[in-house]
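Please look over the sequence and the model shown below before reading on. The report after it is written for someone meeting this structure for the first time.

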Amino acid sequence: MADKTIMLVCAAGMSTSLLVSKMQKAAVAQGLDADIFAVSASEADAHLAKQKIDVLMLGPQVKYMKKQFEDKVAGTDTKMDVINMQDYGMMNGEKVLKTALTLMGE
């Protein structure tokens, strides 16, 4: 099991797959043991219910759901934020990973 679990949430779970790949490469380069994956907003609840998620990051296209997800992770150790639109658009996996690690206090 990975040391850190980072879940990206987007509208369909598809558009973040390239970003996940770039984040995974950045994690390997930094020697991090991280489980990084993307799901659609409709699948997120199931993942939150069955596994410990350290960081939940919303894609810019679903940032309108931020309050909903804040309520879902309230009272848990899960940190949450919206992915910076520019980092998302540039598919800057290294920068998004850095944001996730910062959220975890690393």
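The sections below go from the basis of the model to its sheet, helices, cores and some single residues.

## Basis of the description

This is a predicted model, in which local features need pLDDT of at least 70 and side-chain atom pairs count only at pLDDT 80 or more, while totals for chains, interfaces and linings use all residues. Residues are numbered from 1 along each chain as its sequence is written, and side-chain values use heavy atoms, with hydrogens and water left out.

Helices (H or I, at least four residues) and strands (E, at least two) are DSSP runs, numbered from the N terminus.

## The sheet

Four strands form an open sheet in the order E2-E1-E3-E4, with parallel pairing, where two strands pair if DSSP finds at least two bridges between them. Strands E2 and E4 (79–82) are the edge strands, each pairing on one side only. Neighbouring strands of this sheet are turned against each other by 20° on average, direction ignored; axes here are lines fitted to C-alpha atoms, for helices over the stretch in contact, and angles run from 0 to 180 degrees between N-to-C directions.

Strand E1 pairs with E2 in the parallel sense over seven bridges, and Lys 4 stands opposite Ala 34 in E2. Strand E1 also pairs with strand E3 (residues 55–58), again in the parallel sense, over four bridges. On that side Leu 8 stands opposite Met 57, and the bridge partner of Val 9 in E3 is Leu 58.

Seven of the seven residues of E1 are buried, so the strand is largely enclosed by the rest of the structure; buried means under 20% relative accessible area, exposed over 50%, and partly exposed in between (1.4 Å probe, protein chains only). Both faces of E1 are covered, with Lys 4, Ile 6, Leu 8 and Cys 10 buried on one side and Thr 5, Met 7 and Val 9 buried on the other.

Cys 10 is found in strand E1 and counts as buried because its relative accessibility is 0%. Leaving aside neighbours within four places in sequence, Cys 10 is in contact (heavy atoms within 4.5 Å) with Ser 15, Thr 16, Val 39, Ser 40, Ala 41, Gln 61 and Val 62. An unreviewed UniProt entry lists Cys 10 for "modified residue: Phosphocysteine"; UniProt positions are given in the numbering used here, feature names are shortened, and annotations may be inferred rather than shown by experiment.

Helix H2 lies across E1, E2 and E3, running at about 135° to E2.

Which residues of helix H2 (residues 41–50) are buried? They are Ala 41, Ala 44 and His 47. These residues cover an arc of only 85° around the axis, which puts them on the same side of H2; the arc is that of the directions from the helix axis to the C-beta atoms. An α-helix has 3.6 residues a turn, so residues three or four places apart point the same way. On the other side of H2, Ser 42, Ala 49 and Lys 50 are exposed. The cover over the buried residues of H2 includes strand E1 (4–10), strand E2 (34–40) and helix H3 (66–73).

## Two nonpolar cores

A nonpolar core is a set of buried Ala, Val, Leu, Ile, Met, Phe, Trp, Tyr and Cys residues joined through side-chain atoms within 4.5 Å. In the largest one, which has 17 residues, Ile 6, Leu 8, Leu 19, Met 23 and Leu 97 touch the most other members.

## Two loop residues

Ile 83 lies in the loop between E4 and H4 and counts as buried because its relative accessibility is 3%. Not counting residues up to four places away in sequence, Ile 83 touches Leu 8, Leu 19, Met 57, Leu 58, Gly 59, Pro 60, Tyr 88 and Val 96.

Met 91 is placed in the loop between helix H4 (85–89) and helix H5 (93–103), and at 15% relative accessibility Met 91 counts as buried. The phi of Met 91 is near 50°, a positive value in a residue other than glycine.
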